Amino acid sequence: MESKKGVLAVISGFSGVGKGTAVKELLKKYPYALSVSATTRSPRPGEVPGVSYHYITKEEFEKRIEENDFFEWARYVDNYYGTPKSFVMEKLEAGQDVILEIEAEGAFKVRSQYPQAMLIFMVPPSMEELRRRLVGRGTETPETVAKRLKKAAEEELDKAKLYDFLVINDELEACVEELHSVIHSRKGIKPVETDLLVNLEEEAKKLEL
Ligand code: ADP
Ligand code: 5GP
């Protein structure tokens, strides 16, 4: 008898919305396998090589693209990010549920080559709260914060509408439980069914970027 494959859940969301924080809590409670991406950006304070990301050079990244080593890859702001293929495939085959925390372009590449994947977009309760979190994290220069907010307001809000599910990260614990339940029940707030994105869009237009 063929064994059951794991679920592939893709989690995206604006920079600073709390994806990393929520996924870390999710993994403490439930046995998901988290794919560790490769990136050309430098480590932030507190990040651990091989755990947070595999930090590699631009040359190494481009070589691995050539070698077809990535399940998907994309450029985000000024760097490359990619999901190593072998880890994801091995875990899914072994029946483990796998989480990818990646941006939208990569998420859609995953959908086109693995249509069973579920695409979840995490949103903040408001754009002002997003700015507070991004600034509060204190890991980026004001220029990078501005670039990331601009990208959220001008590009990512539109892409969020194409996701399968929307999860709000207001209270962290509730968000973690919702992520788990969405992945397992495949039920959640569909972007097309909510005014939330429209409200965020209205607010984003008023943000001073
Ligand atoms: P991302 O991975 O989406 O870029 P992070 O996980 O780094 O975001 O979170 C950005 C900042 O927001 C961090 O300082 C984190 O502690 C904070 N944060 C995350 N979730 C919440 C929440 N539910 N309420 C308040 N602050 C949060
Ligand atoms: P950060 O620099 O804040 O860690 O990540 C920037 C963006 O890159 C986030 O939206 C994050 O989800 C995304 N990202 C991280 N790893 C990958 C990856 O392997 N592939 C893609 N496409 N995006 C990624």
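Helices (H or I, at least four residues) and strands (E, at least two) are DSSP runs counted from the N terminus. The model is predicted, with pLDDT of at least 70 needed for local features and 80 or more for side-chain atom pairs, whereas totals for chains, interfaces and linings use all residues. Residues are numbered from 1 along each chain, chains are lettered from A and ligands numbered from 1 in the order written, and side-chain values use heavy atoms, without hydrogens or water.

**View 1. The shell around ligand 1.**

**View 2. Polar contacts of ligand 1.** The pairs described here are N or O atoms within 3.5 Å. A polar backbone atom of G16 lies 2.8 Å from an oxygen atom of ligand 1. G18 also takes part through its backbone, where an N or O atom is 3.0 Å from an oxygen atom of the ligand. From R137, the contact is made by the side chain: one of its N or O atoms lies 2.8 Å from an oxygen atom of ligand 1. On its own, ligand 1 has 570 Å² of accessible area (Shrake-Rupley method, 1.4 Å probe), of which the protein covers 72%.

**View 3. The shell around ligand 2.** Ligand 2 has 16 residues around it, and R41, Y53, E72, Y81 and E103 come nearest. Seven of the shell residues are charged, five are nonpolar and four are polar. Domain 1 (1–32 + 97–209) and domain 2 (36–95), with bounds from an automatic or database assignment, each contribute at least three residues to this shell.

**View 4. Polar contacts of ligand 2.** A polar atom in the side chain of Y81 is 2.6 Å from an oxygen atom of ligand 2. T83 contributes a polar backbone atom, which lies 3.3 Å from an oxygen atom of the ligand. The side chain of E103 places an N or O atom 2.7 Å from a nitrogen atom of ligand 2. The protein buries 96% of the 510 Å² that ligand 2 exposes when taken alone. Strand 5 (70–76) and strand 6 (79–84) are the elements that give two or more residues to the shell around ligand 2.

View 5. Most residues other than glycine have a negative phi. N68, which is not glycine, has a positive phi near 60°. This residue, N68, is in the loop that joins helix 2 (58–66) to strand 5. V77, another residue other than glycine, also has a positive phi, near 50°. The loop between strand 5 and strand 6 holds V77.

Note on methods
A residue is near a molecule or strand if one of its heavy atoms lies within 4 Å of it. A polar contact is a pair of N or O atoms within 3.5 Å; within protein, one must be able to donate a hydrogen and the other to accept it, and residues adjacent in sequence count only if both atoms are side-chain atoms. Ala, Val, Leu, Ile, Met, Phe, Trp, Tyr, Cys and Pro count as nonpolar, Asp, Glu, Lys and Arg as charged, and the others, Gly among them, as polar.
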